[in-house]
Amino acid sequence: MSNLNGVADTGVEHIRRWLEVLREDLLTARADPLPPSTWLRWLPHGVVCLAAFGVFIGGLPQLMDHGGVPFGIALLVALAHGCAMVLALWRPIPGWWASMAATVVGAFAVRAEMVVGDDDSFSWPWSSAGLIGHLFVMLLLALRVRTLVSVEALALTALVTWVLQGWIGARDYQSTGLLAVILSAVVVVLGIALRGRREARAQLEQQTTLTAEERARRTLLEERSRIARELHDVVAHHMSVISIQAQVAPHLVKDPPDELRENLAGIRQNAVEALTELRRVLDVLRSEHPAPGERADAPQPTLGRLEALVENTRAAGLTVTTEVTGDRRPLPPGVELSAYRIVQEALSNVLRHAPGATAHVTLAYGPHALRVQVVNTAPTREAPPSAGARHGLLGMRERAVMLGGTLTAGPWSGRGFRVEARLPVPAPSVTDPLPQDGTA
């Protein structure tokens, strides 16, 4: 007996949970508007509203002429069917409830007017116009809500149809219950499939966007790591020179005082420690794969290798001209390296994205800045698609900003393109030569 009571309690608990699920899914008035179509914008909404007007216009005379329903009730039922379709565009679940309520009211109104033996029997419990309106509502519902909610609405539609036709029944009618359930099931399956397709497409677009953002972020991080490695190499070189000079300096002075020896020893010790830390950072940075064709321990390029870079680019098929203005002079290693990399990346972009174009490189040495400009003419043919489009600009801009400069890039002379960077440099120092007699 206790086992039977336990089974009964379990069954009651399952029914209670199922009713709670139904209440949460179907007893809600939350808005879930149908979004405009990608290509046709608001055309689907217009089609539904036009169909709703047709259901109203067709349902009113059908209920009155064939069903014998009084004008007031027929108007109410037909208007409810049409309004349910429009409501389902923004609130599908309340729209479904309105359609079901209109169907039940219409079915009882027609049943009250039925006459046994009437040759012109009425389709019941679903009228033709009411069935069409309800199919629209079911489709809009399946397009907007979860699959489980669509199945629940379909099950309740079938249950109401069975109660009306199979349990309550009527005297003389053309049965439409089975047809209504079958068509509702087809429409729900179609709506679920379209909804799944739309969600899959949205997820694909989101994944594509995330992939592009991740690629851009990775490109930026790799460029930053590369910049950090190059600059640390430059700093490490200077620290090595400082260490050597501090070690050699005491031997260049006869009988140097102890204070000088201690200061130079301290300078050398600090330089060695800083060099050790820099090399530890370099080891971490160099654990990444170096750029293709470039060794991690290779000396960093400067503007002295610009002509070799231009020659290599010409060998790849790009016509390049160069121009240098101002007083050409050695610049800080970081500026030289960044200027070289900007020209290198800009010419690579011309090769990738502007086939058949010509390029012109300008270096303008000013008293306070170096201006680097790379312009190219319009391409003569379409460029193949490139997954890293515009990612090179991120690295070039990062280099310029790191040095306190600026970089602009954009269209130039029609379909051409221009990259221009301004890199601050210290003013050239002017030292007066000593007189020939050695006096100051």
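Helices here are DSSP runs of H or I with at least four residues, strands are runs of E with at least two, and both are numbered from the N terminus. The model is predicted, so local features need pLDDT of at least 70 and side-chain atom pairs count only at pLDDT 80 or more, while totals for chains, interfaces and linings use all residues. Residues are numbered from 1 along each chain as its sequence is written, and side-chain values use heavy atoms, with hydrogens and water left out.

**Overall figures**

The protein has eleven helices and seven strands. Of its 440 residues, 36% count as buried; buried means under 20% relative accessible area, exposed means over 50%, and partly exposed lies in between (1.4 Å probe, protein chains only). Accessible areas come from the Shrake-Rupley method with a 1.4 Å probe, and for residues only the protein chains shown count as cover. Among contacts (heavy atoms within 4.5 Å) between residues at least 6 apart in sequence, 75% join residues at least 24 apart.

**Salt bridges**

The structure holds four salt bridges, each defined by a side-chain nitrogen of Lys or Arg within 4 Å of a carboxyl oxygen of Asp or Glu. Side chains of opposite charge can pair when their charged atoms come close.

Glu199 and Arg195 both belong to helix α7 (residues 177-248), where they are four residues apart, about one turn of the helix. Glu199 is partly exposed at 33% relative accessible area, whereas Arg195 is buried at 13%. Helix α9 (residues 306-315) holds both Arg314 and Glu311, three residues apart, about one turn of the helix. Arg314 counts as partly exposed because its relative accessibility is 32%, and Glu311 is partly exposed at 41%.

Arg371 is partly exposed, with a relative accessibility of 31%.

**Helix α6 and the annotated spans**

An unreviewed UniProt entry lists residues 42-61, 68-90, 124-143, 150-170 and 176-194 under "transmembrane region". UniProt positions are given in the numbering used here, feature names are shortened, and annotations may be inferred rather than shown by experiment. In the model, residues 124-143 are 80% helix and 5% strand, and the end C-alpha atoms of this span lie 28 Å apart. Residues 150-170 are 90% helix and 0% strand, with 29 Å between the end C-alpha atoms.

Ser150 is in helix α6 and is buried, at 1% relative accessible area. Leaving out residues up to four places away in sequence, Ser150 touches Leu141, Ala142, Val145, Val188 and Ile192. The C-alpha atoms of Ser150 and Asp25 are separated by 9.5 Å, although the two residues are 125 apart along the chain.

Leu159 is also found in helix α6 and is partly exposed at 45% relative accessible area. Together with Phe108, Trp162, Trp167 and Ile168, Leu159 forms a nonpolar surface patch with about 590 Å² of accessible area. Patches consist of residues with over 30% relative accessible area and no salt bridge; like charges are joined within 9 Å and nonpolar side chains (Val, Leu, Ile, Met, Phe, Trp, Tyr) within 5 Å. Helix α6 (residues 147-168) supplies the largest share of the patch, four residues.

**Buried polar residues and a cis peptide**

Gln62, in helix α2 (residues 43-66), is buried at 15% relative accessible area. Its side chain makes a polar contact of 3.4 Å with the side chain of Ser128. A polar contact is a pair of N or O atoms within 3.5 Å; within protein, one must be able to donate a hydrogen and the other to accept it, and residues adjacent in sequence count only if both atoms are side-chain atoms. Beyond four places in sequence, Gln62 touches residues including Gly67, Phe122 and Ala129.

Trp124 and Pro125 are joined by a cis peptide bond, with omega about 5°. Pro125 lies in the loop between β1 (122-124) and α5 (128-144).

Asn349, in helix α10 (residues 333-353), counts as buried at 15% relative accessibility. The side chains of Asn349 and Arg352 make a polar contact of 2.5 Å. Apart from neighbours within four places in sequence, Asn349 is in contact with Ala354 and Met396.
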